[in-house]
Amino acid sequence: MSSSRIRLNCYLVTTIVIAAVFGLTQGVAAQGAPLEFTQTGDAVPGGSVMVSVATTDGSAIQSVAWSQAYGVEAVLTGAGTSTVTAVLGAESAYRAHLIHVLAEPPIGPDQLPPNVPPPGEEFFGGLQNRFQVVGVNPFALEEGALVELHVAVTTDSGSYETDYAVHTALRWKVATGLSNIPTNIPVLLHGKEQASYDWALTAPGGSTAALMDATGQSPDFTPDVVGMYTVTVTDEATTEAVTLTIYAGTWKGIIIGEDAAGNPTVDATCTACHGATVASWAQTGHAEIFKDNLNTSTHYGESCFACHTVGFDPDADNGGIDEASDYQAFLDSGLINAADPTGYAQVLAQFPVTARHTNIQCENCHGPQDSAAHMQGGDGPRVNISSDSCATCHGEPLRHARFQQWQLSRHANYELAVEEGQSGTCSKCHTGNGFMAWLPVLTGAVPGDVNDDVEVTWTEDETHPQTCVTCHNPHAAGDVSGNDNNATVWIAGDTPELLAGFVATDVGRGAICMTCHNTRRGLRNDSTWDATTDKDRAPHLGAQTDLLMGQNFYLVETGERSYHSQLEDSCATCHMEETPPPPDLAYQLGGTNHTFFAAKTICSSCHSVIIAEDVQGPTEMMLTEIHHQLGEAWQMVAEGALAGGNTIDIGGGVIIEDASEIVAVGFSETRGRQALIFTLSDSMDYGPTGVGSIDVVPAEGEPYALLTIAPDNLLKSGWNFLMIEADSSLGVHNPDYAEEVLETTEAALAEIVGGGGVGGSANAVACTSTYVYWTEIAARLNGTAGSVWRTDVVAKNNADAMANLTFYLHSDSTLFDAPATVDAGAQGVFEDVVQFIGADGNKGALEICSDRPLEVVARIYNVSPDGTFGQFLNGINFSGLDEGDTGRLYALRQMTGEFRTNISVTNTGMADAVVQITLFGTNAAELTSYEMTIPSGMAAQDLEPFRTRASSPDLGWGYAFVEVTSGEGVITSASVIDSRTNDATTIPMKY
């Protein structure tokens, strides 16, 4: 399926369909080519269509080649001539193709923007494998009817290729999928996949309705009288009969006038039972869409009425607006396209029968009121939480494609909904059915505890995932659509108390998202640890709210909410408002993004020089290091248990008798618990097995769980790691807090395993210790403009034992070193560290070795008569850039006598590194590009490259890219120095 076809559909729909149905001749120009097409014939299943191509530039056609690009297979004759005849396929083939379109993704992977992942091998957002009345949306009906011809034309002016769309007129119509349907409209059915079908129909008295394709998977029938129709079919999996009860009725319409506020007033027979619902609906955009367009638009007409009125269908006699006794008079009145602000008032006064059917009313969503289904109430045949009901209008690309966007989202995962749908706990968030049952308790409309299970009253075949109505109350949907909309959601502003044990306040429309997107394990932090009985718990997937609000982490203070949580609509701001929908499912990228996948590029809409990878790259590296540490720590615990003569039983199936059998231990999660994967000497992996199900078995006495001898901080660290993983944003939701969580987690694990730690993933050149840190530059010498540079280093020892340090200064002349110590838990301060090492008059990269985990900060500064001016550099605690990686340096300045910029490149790898540095002006113009080679362990400081290399001494602002062309472990940063004070500002590397 190609995006060009979707655009062609929308472009041709008003012209080709007329020609296809009535056999008229209609010229249609080919976009981008001097060609025009004329179509004649009957575009119906089994019919013949003739399509002729001619030139519009006066050139002579030399050759033509027609072929079919898409749709139900047609038989082509005359494919080498200017006029091709296509004999269209049989109705049974169109039926099968329509079902296929309903079941498949709405657009292909090539049409998806980078932020939307392609659907998996199985698409879970389409037509489901169950016995049902089928909902048919406009897009699927159009695609099901489409036959796309491809033509290659050579003329004496050139060669051209383009597509031409034939829209076949099908019997089937757009349908809600409800069991309450209008008469004289075909009802399409669908059954589970099985070997054969024995559909049977029982119709009311006076009906001549019959099933079409009664032995196929997807039969249909057309109810011809008001009444109840019963369809049965045998479910071969259970050998039991499945019964579908379908009610047919006629449209009624309810609008009789307007109140003083301009809202519609309705028939009193409706308000007697539904007064509150009608009052809410009357203030929505649904209730005024026809009125607004009639009063303001100059391009409005019957093509819009299928969605904007009740029952519009000229092919069916069932009481819709087009059968109103004064409808033709309304059409002839001149009110349409007049953009008269009094137009709708005139319709109410002059054409009251037509007026009853205007705007989007109850019947558009619930089906005809004049049917036996009307008085059944509750969750009967007039109510269905399926998104198919909304799709009848919001499923018409390009302009109205919210349904197709939703289909591509994870909210549309029917497989997961069915898996979790029979659980009173899990269904609350994994199904729309459960959420709607839970909602009254969440909102306080019904007293209860949000932690209590809901009653499951639906079957697997009645289960739906999170659909439109689980976020939006259709009776209070707002009256402004598009990007700056006022659509309402069930929960906004503050959340109720979440299952994660806290309330998120002032989060706008993101509150509805947060209701489910939290850890759902109660409140968990250091203050609750002692009272927690299930310390091996893992957070439930979807920990976004916890990270946004800075809740439910160990080893850090809680409550440090992200700035992102303070945006007007929090979650919805980035995931729906700032991120545009897929182009092929959004007219001019308008409206909110209902795939809910946020685009990484939107960061720049608020942060001028920050992109998502700047946070995600370092976060991913830290997660990798912590994951390794967790495995090491648990292996240490397991080996310690084995050292006492015990054995270990992995989940009641595998026995480890000696530590030598353990090759490695990996950390994981299973069924909501922290878990381990053991790789044993038989080269097999065992697990993941919950740590609570791994027993230590002593020679004498009762077995006990391995987790009972694990350090508290190991279990806390496992939770923290899984929290950041479960959030899935790689820190973006709360960058500073995520970094703090990971750093403290890394340090806590380092104390357990005696390796890694904060800085444990940094490269070593001179060090042989467990922990390695770098500061990019340390100096004690005079510089440009009378500057006098000095360096201080502060090292915080996070261990409970003294740290033994060695400083190595990698200067151009020699390698200087000096030992030092830092007491347990103390902060070691090394003022003028280059002099401390004995390297006066030198500068270079400073490598710090330690046998304990540290946190390192350095300050390099200029000494002047007025004091000191300087910059802070964090101790490098990661392995840096490797070959092919690029670091970015923004906000650089170069102005004679005012600002100068130096670029520093440090090589922490064991081999020489080569980098390509490209300088840009602030307008993105490339100024110059050059290479630098940096020996192992060395720091190369390129002084004022904008002036010396790019000949731009008065550039103003600029930026630089540093790409590693060979080597590894490269770190880069820049210093912007105020030349008037020699005050330096650090510009850190962006990934």
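**Close-up 1. The left-handed link of Cys-429 and Cys-516.** The disulfide of Cys-429 and Cys-516 is left-handed, with -95 degrees about the S-S bond. Here the two sulfur atoms sit 2.2 Å apart; a disulfide means a pair of cysteine sulfur atoms within 2.5 Å. Cys-429 belongs to helix α14 (residues 427–430), while Cys-516 is in the loop between α17 (511–514) and α18 (544–549), so the pair ties together parts that are 87 residues apart in sequence. Helices (H or I, at least four residues) and strands (E, at least two) are DSSP runs, numbered from the N terminus. Cys-429 is buried, with a relative accessible area of 9%, and Cys-516 counts as buried too, at 12% relative accessibility. Buried means under 20% relative accessible area, exposed means over 50%, and partly exposed is in between (1.4 Å probe, protein chains only).

This is a predicted model, in which local features need pLDDT of at least 70 and side-chain atom pairs count only at pLDDT 80 or more, while totals for chains, interfaces and linings use all residues. Residues are numbered from 1 along each chain as its sequence is written, and side-chain values use heavy atoms, with hydrogens and water left out.

**Close-up 2. Cys-307 and Cys-393, joined by a disulfide.** Look for two sulfur atoms 2.5 Å apart, those of Cys-307 and Cys-393. This link is left-handed, with -120 degrees about the S-S bond.

**Close-up 3. Cys-767 and Cys-849, a loop tied to a strand.** The sulfur atoms of Cys-767 and Cys-849 are 1.8 Å apart and form a disulfide. It is left-handed, with -85 degrees about the S-S bond. Cys-767 is found in the loop between α22 (735–753) and β25 (771–779), and Cys-849 in strand β31 (residues 843–850), so the pair ties together parts that are 82 residues apart in sequence. Both Cys-767 and Cys-849 are buried.

**Close-up 4. Cys-273, too far from another cysteine sulfur for a bond.** The closest cysteine sulfur to that of Cys-273 belongs to Cys-270, and at 8.8 Å it is too far for a bond. Cys-273 counts as exposed, at 64% relative accessibility.

**Close-up 5. Cys-390, a cysteine in no disulfide.** For Cys-390, the nearest cysteine sulfur is that of Cys-468, 3.8 Å away. Cys-390 counts as partly exposed, at 23% relative accessibility.
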